Amino acid sequence: MLAGKRIISVPVSEQADRIYRLLEENCDLIFCTTQKPNDFPFYPIPQFFIFAVDSKENCFGTIGGMGDIADDDFPVGYVNRNGEFGIITTDFKEFLSLVTFYPCWRDIIRCERTGAIYNIEDMKMSKIENHSQYLARQSQIVETLKLSKNPKSLELLISNIKSPSDFMVYASKEEAEKVNTFLDISNLI
């Protein structure tokens, strides 16, 4: 299993596409364009393919390989600015559906991690009530990406963040080497 991180940047030819602006405005999801691996001071196992960040310096990526909207082989995970990490969804399309239809998903992760009591409907309403264009943008995202709402998305999110996983994040490669054995494949070639 490969370890470390890679950045999956939006090709320059696609960066002006309206969908990226909609996802940033409605979902606080900023797809990578100029980020470099050194911008993310952590070392993941297995390999983590970072495709987006948010306004709070959290990052999101596929775990174990590169995935896209048509590929369901790789789960999507997060690493936040405090070093907390976990699996969010089982694939990229489900991740896009989650962030599009459930604007309070980050708050749910936070509440689940801290044990705080929460009401999903109240959280959802507080996220969209001050954003007059939220529903119109959501509609455009859904139409452009051909998304459908999964009524079990939040249930799956909670299950994913509570379940043990092989996805681990360390402060550095040196820290990861203290508890993992790495094979130097350069000697095998």
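## Strands, rings and salt bridges in a predicted model

Val 79 stands opposite Phe 85 in β7.

**The β6–β7 hairpin**

Strand β6 covers residues 76-79, and its pairing with β7 is antiparallel, over four bridges. The two strands form a hairpin with five residues between them. Gly 83 sits in that turn and has a positive phi of about 90°. How enclosed is strand β7? Four of its five residues, within the run 85-89, are buried, so the strand is largely enclosed by the rest of the structure.

Phe 48 belongs to strand β4, which spans residues 48-53. Phe 48 counts as buried because its relative accessibility is 0%. Which distance separates Phe 48 from Gly 4 in space? Their C-alpha atoms are 6.4 Å apart, although 44 residues separate the two in sequence.

The loop between β3 (43-45) and β4 holds Pro 46. The peptide bond joining Ile 45 and Pro 46 is cis, with omega at about -5°. The loop between β4 and β5 (59-63) holds Glu 57. Glu 57 is not a glycine, yet its phi is positive, at about 70°. Glu 57 is exposed, with a relative accessible area of 63%.

Lys 146 is another such residue: not a glycine, but with a positive phi of about 55°. Lys 146 is placed in the loop between α5 (134-145) and α6 (153-162). At 61% relative accessibility, Lys 146 counts as exposed. These backbone values deserve a note, because most residues other than glycine have a negative phi, and most peptide bonds are trans.

**Aromatic contacts**

How many aromatic pairs does the structure hold? There are twelve. One of them joins Phe 40 and Phe 42. Another joins Phe 95 and Trp 105. Both are edge-to-face, and the cut-off for that class is a plane angle over 60 degrees.

| Pair | Centre to centre | Angle between planes |
|---|---|---|
| Phe 40 and Phe 42 | 6.4 Å | 65° |
| Phe 95 and Trp 105 | 5.9 Å | 80° |

The pair of Phe 95 and Trp 105 links distant parts of the chain. Phe 95 lies in helix α2 (residues 92-101) and Trp 105 in helix α3 (residues 105-114), ten residues apart. Phe 95 and Trp 105 are both buried. Phe 40 and Phe 42 are buried too.

The charged end of Lys 5 sits over the Phe 42 ring, 5.2 Å from the ring centre.

**Helix α2**

Helix α2 is mostly covered, with nine of its ten residues buried. Among the buried residues are Phe 92, Glu 94, Phe 95 and Phe 101. At the start of α2, Asp 91 brings a side-chain oxygen to within 3.1 Å of the backbone nitrogen of Lys 93.

**Salt bridges**

The whole structure contains six salt bridges. One of them is between the side chains of Arg 137 and Glu 25, at 3.1 Å from N to O. Arg 137 lies in helix α5 and Glu 25 in helix α1 (residues 18-27), so this pair ties together parts that are 112 residues apart in sequence. Is Arg 137 buried or exposed? Arg 137 is buried, with a relative accessible area of 19%, and the cut-off for buried is under 20%. Glu 25, at 35% relative accessibility, counts as partly exposed.

Asp 107, Arg 110 and Lys 127 are linked in a network of salt bridges. The Arg 110 and Asp 107 side chains meet at 3.7 Å, N to O. These two residues are three apart in helix α3, so about one helical turn separates them. The Lys 127 and Asp 107 side chains meet at 3.3 Å, N to O. Lys 127 lies in helix α4 (residues 120-128) and Asp 107 in helix α3, so this bridge ties together parts that are 20 residues apart in sequence.

Asp 107 counts as buried, at 16% relative accessibility. Arg 110 is partly exposed, with a relative accessible area of 46%. Lys 127 is also partly exposed, with a relative accessible area of 31%.

Key. Residues are numbered from 1 along each chain as its sequence is written. Side-chain values use heavy atoms; hydrogens and water are left out. Buried means under 20% relative accessible area, exposed over 50%, partly exposed in between (1.4 Å probe, protein chains only). Rings of Phe, Tyr and Trp (its six-membered ring) pair if their centres lie within 6.5 Å; planes under 30 degrees apart count as stacked, over 60 as edge-to-face and the rest as tilted. A charge sits over a ring if NZ of Lys or CZ of Arg is within 6 Å of the ring centre and within 35 degrees of the ring normal. Two strands pair if DSSP finds at least two bridges between them. A polar contact is a pair of N or O atoms within 3.5 Å; within protein, one must be able to donate a hydrogen and the other to accept it, and residues adjacent in sequence count only if both atoms are side-chain atoms. A salt bridge is a side-chain nitrogen of Lys or Arg within 4 Å of a carboxyl oxygen of Asp or Glu.
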